[in-house]
Amino acid sequence: MFSSQPGGASEEDKSVKFTGWAAVPDGKGVLQKWSYHPRPLAAREVEIEITHCGICGSDIHFSTEGWGPITRPAIPGHEIVGTVVKRGDDATHQLGDRVGVGCLVSCCRGPPVCGWCKKGEDQFCENKTVTFNSPFKDGRGGISEGGFADRIRVYSDYAFTIPKEISSAEATSFFCAGITTYTPLKRYKAGPNTRLGVIGIGGLGHIALQWAAAMGCREIVAISGRDNKKDEAFKLGATKFINTSDKEQIKEAARSIDLCLCTNASSNNNWEEYLSIMAPLSQLVLLALPEAPISFVGSHLVSQDVAIVGSHLGSKGDIVEMLEFAAKHGIRPWIEKRSFEDCNEACKDVHAGKPRYRIVLEMNPSASASTSRHSFSSA
């Protein structure tokens, strides 16, 4: 394991090695088997035997160095589900608990704590550590490693109990795609008075449509550049579909969207068109992270009081609330299960946009069907 780390050299638990699939410098996106010694288990930490991990677009951007060069082997993966197999004396979980881990694994370990943690918005914590390739700021040194691996150690407040109604494979996607789309809908009070748009019917968008339907949005508009997902969009909860390649449909939709989630990071996004369909006093929320700058003329923003905003994950409280909401309303991601050993081919498929709609890596693949599609209820 690399011991010279930006977060400071950490003590290693030499009694054990965790093994996963790491992105490496100049690896051209090909993940390689790699092992490391984890940090010693702290009193408030748990060790999780990983059974499933979802593949997110962020894993691809990182592994292919779209967000910058990789300087050390690093295991991606931040949609993690598994079983607690070890616990520190002060951990909140018990052995055998089924838990999930998302995009963050640590925040302020105070007191003292930062203002954002005091507000219950730990996703903005000044001392947060994201799930992989991020220096720990808890005074113990080291760099985080993610969930494309057999085990992980995390603080127990970042391991969330999964409702019994949700399978482990389906639960993975909630810890990134789910919370990323749930939080802005909650923050901007999506409901019966909302005409909601969802740009991009993919890993994030297909869950956003289900949230919107369960929240009772007045109109739910799926927005895509092709018709190939139109039928599925309606099954997921859309009440209307806009094909952006048809300019007449764009014109007809002018000033018709109150709140819009952009889940698409494509360099081909036409921001002028997106802004033209936004109603006065509306919000266009960016959820995906483009690799290149975006540009647009500001006239729509000024003349219609349209706001372009971002949304970053959700708090620990938001995650607990989201899981309960998903269990209650039967909201589930549409997934395809693959073996961890097949992670490179699976990542290539995600990069090519092939999944309908999430790929989940499974440590011990079962003989059950490899795809899962679950109906939801808006009751």
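Select residues 44-163 to begin: the UniProt annotation "domain: Alcohol dehydrogenase-like N-terminal", from an unreviewed entry, covers this span. UniProt positions are given in the numbering used here, feature names are shortened, and annotations may be inferred rather than shown by experiment. The end C-alpha atoms of residues 44-163 lie 22 Å apart, and the span is 9% helix and 28% strand. Helices (H or I, at least four residues) and strands (E, at least two) are DSSP runs, numbered from the N terminus.

Residues are numbered from 1 along each chain as its sequence is written, and side-chain values use heavy atoms, with hydrogens and water left out. The model is predicted: local features need pLDDT of at least 70 and side-chain atom pairs count only at pLDDT 80 or more, whereas totals for chains, interfaces and linings use all residues.

**The whole chain**

Along the principal axes, the C-alpha trace spans about 65 × 45 × 40 Å. Of the 379 residues, 55% are buried (buried means under 20% relative accessible area, exposed over 50%, partly exposed in between, with a 1.4 Å probe and protein chains only).

**Salt bridges**

Next, show the charged side chains. A salt bridge is a side-chain nitrogen of Lys or Arg within 4 Å of a carboxyl oxygen of Asp or Glu, and by this rule the count comes to 28.

Select R153 and D13, whose side chains meet in a salt bridge at 3.0 Å, N to O. R153 lies in strand 8 (residues 151-155) and D13 in the segment before strand 1 (18-22), so the pair ties together parts that are 140 residues apart in sequence. R153 is buried at 10% relative accessible area, and D13 is buried at 16%.

Move to K247 and E273, where the salt bridge is 2.6 Å, N to O. This pair links distant parts of the chain, with K247 in helix 7 (residues 247-252) and E273 in helix 8 (residues 271-276), 26 residues apart. K247 is partly exposed at 42% relative accessibility, whereas E273 is buried at 13%.

Then centre on R338 and D349, a salt bridge whose closest N and O atoms are 2.5 Å apart. R338 belongs to strand 16 (residues 335-339) and D349 to helix 11 (residues 343-351), so the pair ties together parts that are 11 residues apart in sequence. R338 is buried, with a relative accessible area of 15%, and D349 is buried at 15% as well. Salt bridges that share partners also join D13, E47, E49, R151 and R153 into one network.

**Cavities and a pocket**

On a 1 Å grid over the protein atoms alone, a cavity is a set of points where a 1.4 Å probe fits but cannot get out, and a pocket is an open set with protein on both sides within 12 Å along at least five of seven lines; lining residues have an atom within 4 Å of a point. Grid points are joined across faces, edges and corners, and a volume is the space filled by probe spheres set on the points.

The structure holds two cavities of 30 Å³ or more. The largest cavity contains about 180 Å³ of space. Of its 17 lining residues, Y36, R39, F136, E145 and R153 are the closest to its centre. Strand 8 supplies the largest share of this lining, three residues.

The second largest cavity has a volume of about 80 Å³; among the residues lining it are C103, D122, F160 and K316.

For the second largest pocket, of about 150 Å³, select S266, S267, P290, A292 and P293, which lie nearest its centre among 11 lining residues.

**Backbone details**

Most residues other than glycine have a negative phi, and most peptide bonds are trans. At R356 to Y357 the peptide bond is cis, with omega near 5 degrees; Y357 lies in the loop between helix 11 and strand 17 (358-362).

K189, not a glycine, has a positive phi of about 55 degrees. K189 sits in the loop between helix 4 (177-187) and strand 10 (195-199), and is exposed at 69% relative accessibility.

Finish at L281, in strand 14 (residues 278-286), where phi is positive, near 65 degrees. L281 is exposed, with a relative accessible area of 61%.
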